[in-house]
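Dear colleague,

I am passing on the structure below, with notes on what I found in it. Please read the notes with the model open beside you.

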Amino acid sequence: MIAKVVVDIPNDAVDKVFDYIALDDTEVGMRVRVPFAGRTVLGYVIEMSEHTTLESDKLKTIIKNLESVPKLKPEILKLCLFLAEHFFLRLSDCIKLALPSCVRLDNQHAQNKYTLSLSYDIDTAINIVGKRAKNQLALIASLNDQGDLDFQKAVELFGRTAVNSLIEKGIVLKNASRVMRLSYSESKQTVKNVLTPTQQHAVNTIKNQDRTFLLQGVTGSGKTEVYMTVIEDALAQGKTAIMLVPEISLTPQMMNRFNSRFPNQIAVLHSGLSEGERYDEWDRIFTGEARVVLGARSAVFAPVENLGVIIIDEEHDSSYVSESNPRYDTHAVAEYRARYNKCPLVLGSATPSLDSYKLALDGKYTLVKLPERINGLQMPKIEIVDMLSEVLNGNVSPFSKKLLSKLTECIENKKQAILFINRRGFASFVMCRECGYRAKCDDCEVSLVYHKEDNELKCHFCGKRYRMLTNCPNCHSTNIKYGALGTERVVNELRQIFPDIPIFRMDNDTTRGKDGHKKILEQFSHTTPSILVGTQMIAKGHDYPNVAFVGILDADVSLYNSDYKSNERTFQLVTQVAGRAGRKNNDGYVVLQTYAPKHYVYRFASNYDFEGFYDREINLRKTTGFPPYSNILRILVSSVSDNRAKETIKKIYDRAVKLKELYGKDIIFLQAMPSPVKRIQTKYRYQLLTRYAPNDKITKDFYDIADFIEKDVSIFVEINPNNLR
Ligand code: ADP
Ligand code: ZN
Ligand code: ZN
């Protein structure tokens with residue numbers, strides 16, 4: 001038999017299928033070792049065939065099958081083939097998405113723990129051993145008392161010789177049991193809520209349907225409860241489930257809810273796991289031991305069989321599109337798997353992406369709504385405060401009068417407050433007031449952020465750290481100006497106003513290390529009154545009943561990102577953050593501070609008018625020719641050599657101009673330019689941007705003109721990028 005093999009070498013030149021003579025047990029989906037260009041390399045069998053076009057003296061034989069049960073299951077292999085074709089990816093890169101490196105490269109193994117037990121009754125055992133072997137007798141006595149004993153412990157207590165000789169004589173048995181490196185906290189069996197009629201209706205509509213659903217439910221409407229019931233139903237039919245969340249390590253609560261509802265059936269997959277933990281979790285899924293997969297984006301590739309439902313929670317979240325190679329869209333992968341298994345795909349959100357909502361209105365998805373909060377709770381009132389008039393009235397602090405009075409009221413009522421500011425550090429830049437000097441990173445074309453705690457300037461693009469200035473390196477003035485405030489400064493100012501109230505900070509700086517988020521959130525949840533200050537990581541999914549007040553300190557941060565999605569993203573962010581308030585009692589209140597109080601994004605968001613916002617925004621996209629009415633494609637070129645990067649983008653641009661001639665008006669926009677951030681980590685960056693009527697042929701052509709290898713230059717193509725920096 002001939003095995004068609006893809007080799008694990010990240011190079012476009014070998015991105016094709018090679019023929020080898022199969023070994024007896026070679027099967028489709030197996031990892032194999034093959035001879036390749038004078039070396040031996042890892043490969044994956046993607047097909048078995050009787051035929052080859054190679055002459056028999058050219059054919060080589062597989063050296064070794066690396067497993068007896070193929071690691072790539074048929075569904076996953078087909079998925080990889082689909083992805084390679086539709087996202088213009090190398091097949092070997094797609095396989096890497098499906099097989100995490102701990103599995104692919106065999107660098108992790110199941111960890112076993114051994115225990116010893118007696119195989120005879122004590123008298124027989126003593127008889128066989130005889131009176132003189134003191135250590136062996138002591139071990140036998142100990143096993144007789146205690147039942148069994150840990151192998152390592154027995155070796156320490158009685159010596160390796162005694163232990164081994166008893167095992168050899170068959171008097172003592174050595175039993176292996178698998179040790180899982182990830183421990184799930186003891187699950188308190190929570191009471192199962194009786195679904196409301198609206199929730200029940202949603203469940204009935206969704207279950208067993210071979211369709212995609214958009215579940216639009218306001219924050220606190222009980223979406224998670226609906227997900228869990230649909231999953232329960234799938235399990236009852238002997239099926240499995242995948243539940244995706246933006247970043248599971250951010251939401252330990254979700255983890256606990258699932259774990260207590262489905263004890264021993266959950267496996268988690270996310271970026272916070274160690275290699276060993278990932279291996280164990282993946283293996284539990286692979287063998288069918290775990291039937292519910294809970295995880296971030298990459299969990300969509302989990303090797304579960306017989307899927308009964310796939311759920312994408314917070315479906316609008318930008319983390320569902322990867323920003324680096326191999327770039328894929330989680331929705332498309334999930335869609336493929338749902339159709340393969342003829343099961344429902346549920347996209348859930350309080351603020352669906354415009355793309356998804358349009359697909360629902362067009363009838364491609366089925367729209368299911370949960371328009372109200374559980375128990376008839378009101379949505380919290382969102383009050384917009386004009387910061388310009390605050391300044392004109394002499395208030396230059398980061399907190400408006402309204403915000404302070406509401407925050408104080410919340411604290412006096414022994415409740416909790418969340419303050420949101422989407423900027424970490426103390427000040428977004430430092431600058432000399434005399435000569436205009438601004439501290440910048442040596443390696444990146446960006447301002448450095450001041451971190452007061454460490455008295456350092458940090459680059460948020462590459463992580464490089466610098467000493468804080470005491471005076472201007474240029475003119476030696478000590479008159480330093482601080483840029484816009486971040487989380488650190490907010491906490492500082494709050495401590496002065498509320499010296500006795502616990503204040504927690506949650507951002508990338510405070511959540512480093514294992515379980516960083518979990519620790520902060522756990523402390524916060526047990527402390528009333530208290531204040532939590534954080535970046536957008538506090539916006540996602542948290543359900544804390546005592547949060548009564550939410551303050552959005554500078555809503556405009558995301559509004560003025562010069563990017564066609566900034567309105568959409570700001571609307572989502574405001575709605576999500578506001579949604580943390582008043583989830584158990586009718587006491588939620590939100591203050592939103594802005595310099596653009598009349599902006600329609602805030603008007604619609606403060607009225608919880610998603611449809612109104614959608615209509616306005618989708619019309620804007622239509623008249624200006626932006627997605628979903630067009631595709632934006634970016635080709636990003638970067639290199640440590642400015643010249644080489646420039647030459648490469650020029651070459652691509654010249655080819656693109658030919659495409660423009662070919663397609664005429666279908667290509668709405670075409671331009672090459674330096675990227676907004678001209679340099680990151682010592683690499684100069686240039687980009688070609690184009691907008692065109694959605695058309696797979698044009699997409700393919702653009703991918704093709706960027707598909708070449710240029711020494712020391714990297715070329716990256718993406719459609720509808722999440723950000724254009
Ligand atoms: P969402 O995911 O839409 O934000 P959740 O599922 O987290 O909403 O529900 C919000 C709160 O309401 C949670 O504390 C949840 O336990 C509770 N809840 C959900 N459904 C019900 C129900 N049918 N009866 C009582 N409480 C419920
Ligand atoms: Zn830098
Ligand atoms: Zn100066």
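Y595 lies in the loop between β27 (589-594) and α20 (600-606), where helices (H or I, at least four residues) and strands (E, at least two) are DSSP runs numbered from the N terminus. Y595 counts as partly exposed because its relative accessible area is 49%, given that buried means under 20%, exposed over 50% and partly exposed in between (1.4 Å probe, protein chains only).

As to conventions, residues are numbered from 1 along each chain as its sequence is written, while chains are lettered from A and ligands numbered from 1 in the order in which they are written. Because this is a predicted model, local features need pLDDT of at least 70 and side-chain atom pairs count only at pLDDT 80 or more, whereas totals for chains, interfaces and linings use all residues; side-chain values use heavy atoms, with hydrogens and water left out.

Turning to the metals, the zinc ion (ligand 2) is coordinated by the SG atoms of C441, C444, C459 and C462 at 2.2 to 2.4 Å, where donors are N, O and S atoms within 2.8 Å of the metal (3.2 Å for Na, K and Ca), and sites may look incomplete since water is not among the atoms. The angles among these four donor atoms are 107 to 112°, and the site is tetrahedral; four donors count as tetrahedral if all angles lie between 85 and 135 degrees. Along the chain, the donors of this ion follow the spacing C-x2-C-x14-C-x2-C. C459 is buried, because its relative accessibility is 3%, whereas C462, at 24%, is partly exposed.

Distant parts of the chain are linked here by C435, in the loop between β19 (430-432) and β20 (449-451), and C472, in the loop between β22 (465-467) and β23 (480-482), the two being 37 residues apart. C472 is buried, at 0% relative accessible area, while C435 is partly exposed, at 37%.

Finally, strand β10 (residues 212-217) is largely enclosed by the rest of the structure, because six of its six residues are buried. T212, L214 and Q216 point one way from β10, and F213, L215 and G217 point the other way. β10 pairs in the parallel sense with strand β15 (residues 345-349) over five bridges, pairing being assigned if DSSP finds at least two bridges between two strands, and F213 has V346 of β15 as its bridge partner. Five bridges also join β10 to strand β16 (residues 366-370) in parallel, with L370 of β16 as the bridge partner of G217.

With best regards

Key: Tetrahedral: all angles 85-135°; square planar, octahedral: opposite > 155°, others 65-115°.
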